Amino acid sequence: MLELDAVTKRFGGLTAVGKVSLRASPGEILGIIGPNGAGKTTLFNVISGFYPPDEGRVLLDGRDVSHVPAHRICALGLCRTFQLVKPFGNLSAEDNVMIGALTRLTSVAAARNEARRVIALCRLEAFAGAPARSLPIGLRKRLEVARALATKPRLLLLDEVMAGLNATELGEMVTLLRRLHGEGLGLIIIEHIMAAMMRLAQRIVVLHHGEKIAEGTPEAITRDPRVVDAYLGEEFVLADA
Amino acid sequence: MRGHALALVVFGAAALTPLVLHDGFFLDSLILILMWGAVSGAWNVAGGYAGQVSLGHSAFFGIGAYSAALMATRWNASPWLGMLVGAVVATGAGLIIGYLANRLKGPYFALATIAFSQVLLIVASRWRAFTAGSEGVPVPFRPGLWTLGFASKVSWVYLVLGLALAVYAVQVYLERSRVGYQLAGVREDEDAAQALGIPSRRLKVVAVAASAALTSGCGTLWAQYVGFVDPFYVFSVDLSIRFALNTIIGGIGTAMGPFVGSILITSLETFLRATFSDVRGGLVGIYLIIYGCLLILVVRFIPRGLVGWFGERFRAMGLHARA
């Protein structure tokens, strides 16, 4: 279980994340929304060990991991993807996933098998041998998820993995994430596509100017006037009605 | 033997050459080709597999050369012992350089490594009491395997061939092992590697230190073969560039690249020196100009080097044949 206790991260005079507290239960799908620059990705960077928080604590299963480096966070069962995908461009898709699998497995042969399983799960078989840089953005996003899955996380942080996908790809991604959730994986999802978020998230946290301004079920969030003001806009509410 | 065909051809040819050719000039060229191939392979461990491009690897080469030469002249120690001490010292230096790799990226790292090799050059050429200063150290010739003295060049061919095979084996390990794949991840994208649980900083330091130790071992053998250690040569930037150049032209991050690069560059240099040495000095340095042009052409047109380029062609042909 992940718990954030009044986490603050500043860059010079700018408070990117200010006193954000939240918790994600095991196996839960938690959504994080907010306008651009609200501090969503910075929050992911703090949770996943890329930035130490200036104040507050990050607790994973009750243990303070605020200053634990990123690679150890992954070993503890929390993996993240990047908004601007970071494939190992010159390696094949399968090798990309296998490098993820090698975090839990010491044998290359076993990791290769595990990579094939995850690639099939993410329906990337047809592209397994292609260099990652040659894949279009939709497939690169899926590869990003596959690679993270291969590390066998209990909690997966997804940073806009649906942005830029076409309708078919979007549907496939939602199906995949639901299936993973069904197998017990916890997810924290940053996303701007509200339709997908409404279908996936059990609970949504709204960030604005680095602060948490609302938290609740998707239905409650879309009716919250502060959230409508800060992020969703009147059009969303009217279209939804 | 899948994937080792090129190695079999190159090292097999090297092993058979002394049976056919007895000419000292050719055998000397062969020894140098294998030697520079081996050092370039050692460089490749850091520069190719870990993506830490150093232009100061002569520092480690010189450490190996000096350790054995000084221990032999001062304490009459076996060069093998000197090689071991050199490797330990180079590992220590490699850990420091590797630590720098986590602070400095790309060109800044390369500049720091140049500075490091030049600091060692200054120490070696000024510290007369210990290193004999700029005069250099003649390596005593004592026949025998334990003292690494062979009158016959044929023995040297097989000894240096053994070194080349050892370096080749290390590189193949880096292509197929867990740590090798993890290093590839670090080289491609360090943030992503860390997010996937790879201790990237530690891996980089270890790779640079291992590369340093191997380079130092090559330095020891080279000094024993040549019989003289000149600080201005073993710590030179020229030498560092040679290690990088062989590898980049042959194929950076490929196990045979450094050897293919060395075959081309070393023979070319030998040929050009022999050809232009008579022309009243005016064209003696022409091989440097040709080096430069080659490097530009390779980086521009075949950035993955000769081995990478031919490898792709062969794979493409294989696919057509199957289709």
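# Reading strands, helices and contacts

Author: Start with one pair: E3(A) stands opposite L59(A), a residue of β4(A). This is a predicted model, in which local features need pLDDT of at least 70 and side-chain atom pairs count only at pLDDT 80 or more, while totals for chains, interfaces and linings use all residues. Residues are numbered from 1 along each chain as its sequence is written, and chains are lettered from A and ligands numbered from 1 in the order in which they are written.

Reader: In what sense do β1 of chain A and β4(A) pair, and over how many bridges?

Author: First, the general idea. Strands in a sheet pair through backbone hydrogen bonds, parallel or antiparallel. Here, two strands pair if DSSP finds at least two bridges between them. Helices (H or I, at least four residues) and strands (E, at least two) are DSSP runs, numbered from the N terminus. Now the case: β1 (residues 2-11) of chain A and β4(A) pair in the antiparallel sense, over five bridges.

Reader: What is the order of the four strands in that open sheet of chain A?

Author: The order is β2-β1-β4-β5, with antiparallel pairing. The edge strands are β2 (14-24) and β5 of chain A, each pairing on one side only.

Reader: Where is D61(A)?

Author: D61(A) sits in the loop between β4 (55-60) and β5 (63-64) of chain A. Its phi is positive, about 55 degrees, although D61(A) is not a glycine. K152(A) also has a positive phi, near 55 degrees, and is a residue other than glycine. K152(A) lies in the loop between α5 (137-149) and β7 (155-159) of chain A.

Reader: Which strands of chain A pair in the parallel sense?

Author: β3 (residues 29-33) and β9 (residues 203-208) of chain A do, over four bridges. I32(A) has V205(A) in β9(A) as its bridge partner. β9(A) also pairs with β10 (residues 211-216) of chain A, this time in the antiparallel sense over five bridges. There, L207(A) has K212(A) in β10(A) as its bridge partner. β9(A) and β10(A) form a hairpin with two residues between them, and H209(A) in the turn has a positive phi of about 50 degrees.

Reader: Where in α1(B) does a kink lie?

Author: A bend is the angle between axes fitted to the seven residues ending at a residue and the seven starting there. In α1(B), a kink of about 25 degrees lies at A14(B), shortly before the proline P18(B). For length, the expected span of a helix is 1.5 Å times one less than its number of residues. α1 (residues 5-20) of chain B has 16 residues and should span 22 Å; its end C-alpha atoms are 22 Å apart, which agrees.

Reader: Are V10(B), A14(B) and P18(B) buried or exposed?

Author: Count neighbours. A residue is buried if 20 or more other C-beta atoms, placed from the backbone, lie within 10 Å of its own; with 12 or fewer it is exposed, and in between partly exposed. V10(B), A14(B) and P18(B) are buried. The cover over the buried residues of α1(B) includes α2 (24-49), α7 (153-176) and α13 (257-276) of chain B.

Reader: How many residues of α3(B) are buried?

Author: 15 of its 18 residues are buried, so α3(B) is mostly covered. α3 (residues 58-75) of chain B reaches 25 Å from its first C-alpha to its last, close to the 26 Å expected. Just after α3(B), N76(B) takes a positive phi of about 60 degrees.

Reader: Where does P303(B) lie?

Author: P303(B) lies in the loop between α14 (286-301) and α15 (305-322) of chain B. P303(B) is exposed, with 12 other C-beta atoms within 10 Å.

Reader: How many helices and strands does chain B have?

Author: Chain B has 15 helices and two strands. Its radius of gyration is 20 Å, close to the 20 Å from the globule rule for 323 residues, so chain B is as compact as a globular protein of that length. The radius is taken over C-alpha atoms, and the rule is 2.2 Å times the number of residues to the power 0.38. Buried residues make up 46% of the 323 residues in chain B.

Reader: How many residues does the contact take from chain B and from chain A?

Author: Two residues are in contact if their C-beta atoms, placed from the backbone, lie within 7 Å. The contact takes 18 residues from chain B and 23 residues from chain A. On the side of chain B that touches chain A, α8 (178-188) and α9 (190-195) are the elements that give two or more residues. The largest share, six residues, comes from α8(B). This side of chain B divides into seven nonpolar, six polar and five charged residues. Ala, Val, Leu, Ile, Met, Phe, Trp, Tyr, Cys and Pro count as nonpolar, Asp, Glu, Lys and Arg as charged, and the others, Gly among them, as polar.
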